[in-house]
Amino acid sequence: MKFGTKAIHAGVEPDPTTGAIMTPIYQTSTYVQASPGDHKGYEYSRTQNPTRDAAQKSIAALENAQHGLCFASGLAAIDAIIKLFKPGDEIIAANDLYGGTYRLFTKVFSKYGLKFHFIGMENIDDIEKYVNANTKLIWVETPTNPMMNIIDLRGAAKIAKNHNILLAVDNTFATPYLQTPLDLGADIIMHSVTKYLGGHSDVVMGALALNDDQLATDLAFLQNSTGAASAPQDSFLVLRGIKTLHLRMQRHSENGRAVAKFLQSHPKVDKIYWPGLSTHPNHNIAREQMKDFGGMISFTLKGNDKEEAFRVMESFRYFSLAESLGGVESLVNHPASMTHASIPYEERQKIGLVDSLIRLSVGIEDQQDLLDDLKQAIG
Ligand SMILES: *Cc1c(COP(=O)(O)O)cnc(C)c1O
């Protein structure tokens, strides 16, 4: 089955009792048993729910995975992965990460004796320097948020395999339409489904996708034992969103390309971070592991003036100033004071996350309206 067909059909069966083509919202906490232990595969909705099952199967199919697990948020999905480990274990993570992931690692899990190393991974060989007998996981985002760095997934997978370490990839920015990391050797895919998979800015949800049966059993155990499974209504909204994922990602990428080109030609714009530009340092790796480059773009203004960046962000008509990304509507964000404020100032400077950095989530509106809006806002 090709991607667009999977987006519409995978994981979804007509409802067995009525034939409803859309998986119903099974808004129930429990299921009646014929005699103790004699049930239809469903006992309690934290553990199993038919609407969640369909969402899990759909996401697994898109990622070419055997198993999918849906959580109440992206962070809950990450939380489950890290709970596979024990005090003394070490995790190597990319140093340009979603702010909430960084906060979860440094402020929550560091207290439990886990050790995190945050390193630049643009040169994949740098990972090896941090591997030791306690290393259990490599944590990667690509493209990274918000600097749009590209990490070589095949290279990272090779290092992980050589040392018997797991490789987990936060595939939120790319989505399985643009890249399928399991096919490149990753062990676990994580999604903030809140973003492109949901696609309509109306749900918060997370997911994991993976192939290994034992690891899937362990993560399903954590999903049930810690209780952050996704709710039926949210699972339904995500199933609906996924049906147009391929169409949306095509348009996000087209609009992203047009916006990147426009910014390149603008005299007030300094740096542009979008992996589709041939000037991007890892453009060739992006071309190898991604089908197209999506709608996430960051840029800075000449002079690095924070006040001027604020003026631009407040001047948009169609790019709404908000956290989050990946919805049909265009959004603009100031990482330094919004999504990435939980990363210390010095750490932000090290990775180029300066005060004039503006992040765009380019939506699927008509391209000319978006370009006109950028023109009038930047001035
Ligand atoms: C939003 C986001 C997360 C966190 O997901 P939530 O659904 O907000 O919990 C993790 N990683 C990336 C790249 C994100 O953009």
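Guide: Helices are DSSP runs of H or I with at least four residues, strands are DSSP runs of E with at least two, and both are numbered from the N terminus. This is a predicted model, so local features need pLDDT of at least 70, side-chain atom pairs count only at pLDDT 80 or more, and totals for chains, interfaces and linings use all residues. Residues are numbered from 1 along each chain as its sequence is written, and side-chain values use heavy atoms, with hydrogens and water left out.

Visitor: Fine. Where is Pro-143?

Guide: Pro-143 sits in the loop between E4 and H5.

Visitor: What kind of peptide bond joins Thr-142 and Pro-143?

Guide: That bond is cis, with omega about -5°. Asn-145 and Pro-146 are also joined by a cis peptide bond, with omega about 10°. Pro-146 lies in the loop between E4 and H5. As a rule, most peptide bonds are trans.

Visitor: Is Thr-142 buried or exposed?

Guide: Thr-142 is buried, at 0% relative accessible area. Buried means under 20%, exposed means over 50%, and partly exposed is in between, using a 1.4 Å probe and protein chains only.

Visitor: What does the Thr-142 side chain reach?

Guide: A polar atom of that side chain lies 3.0 Å from the backbone nitrogen of Ile-151. Thr-142 also has contacts (heavy atoms within 4.5 Å). Setting aside neighbours within four places in sequence, they include Asp-170, Asn-171, Ala-174 and Gln-289.

Visitor: And Asn-145, where is that?

Guide: Asn-145 is in the loop between strand E4 (135-141) and helix H5 (153-162). Asn-145 is buried, with a relative accessible area of 2%.

Visitor: Which side chain makes a polar contact with Asn-145's?

Guide: The side chain of Arg-359, at 2.8 Å. A polar contact is a pair of N or O atoms within 3.5 Å; within protein, one must be able to donate a hydrogen and the other to accept it, and residues adjacent in sequence count only if both atoms are side-chain atoms. Beyond four places in sequence, Asn-145 touches Asp-96, Leu-97, Tyr-98, Phe-173, His-340 and Arg-359.

Visitor: Switching to the ligand. Which residues come nearest?

Guide: Gly-74, Asp-170, Ser-192, Thr-194 and Lys-195, out of 14 residues around the ligand. A residue is near if one of its heavy atoms lies within 4 Å.

Visitor: What are the distances to ligand oxygen atoms for Gly-74, Ser-192 and Lys-195?

Guide: A backbone N or O atom of Gly-74 lies 2.9 Å from a ligand oxygen. A side-chain N or O atom of Ser-192 is 2.8 Å from a ligand oxygen. For Lys-195, a polar side-chain atom is 2.7 Å from a ligand oxygen.

Visitor: How much of the ligand's accessible area does the protein cover?

Guide: The protein covers 93% of the 380 Å² that the ligand has on its own. Areas come from the Shrake-Rupley method with a 1.4 Å probe; for residues, only the protein chains shown count as cover.

Visitor: New topic. What is the phi of Asn-164?

Guide: Positive, about 60°, although Asn-164 is not a glycine. Asn-164 lies in the loop between H5 and strand E5 (166-170). Asn-164 counts as exposed, at 72% relative accessibility.

Visitor: And what about phi of Thr-175?

Guide: Near 65°, a positive value in a residue other than glycine. Thr-175 is in helix H6 (residues 175-178). Thr-175 is buried, at 0% relative accessible area.

Visitor: What does H13 look like from end to end?

Guide: H13 (residues 367-378) has 12 residues and reaches 17 Å from first C-alpha to last, close to the 16 Å expected at 1.5 Å a residue. The expected span is 1.5 Å times one less than the number of residues.

Visitor: Which H13 residues are buried?

Guide: Leu-370, Leu-371, Asp-373, Leu-374, Ala-377 and Ile-378. Seen down the axis of H13, they fall within an arc of 160°, so they line one face of the helix. The arc is that of the directions from the helix axis to the C-beta atoms.

Visitor: What do those buried residues pack against?

Guide: Helix H9 (245-264), strands E8 (269-273), E9 (296-301) and E12 (358-361), and helix H11 (306-315).

Visitor: Which residue follows H13?

Guide: Gly-379, with a positive phi near 85°.
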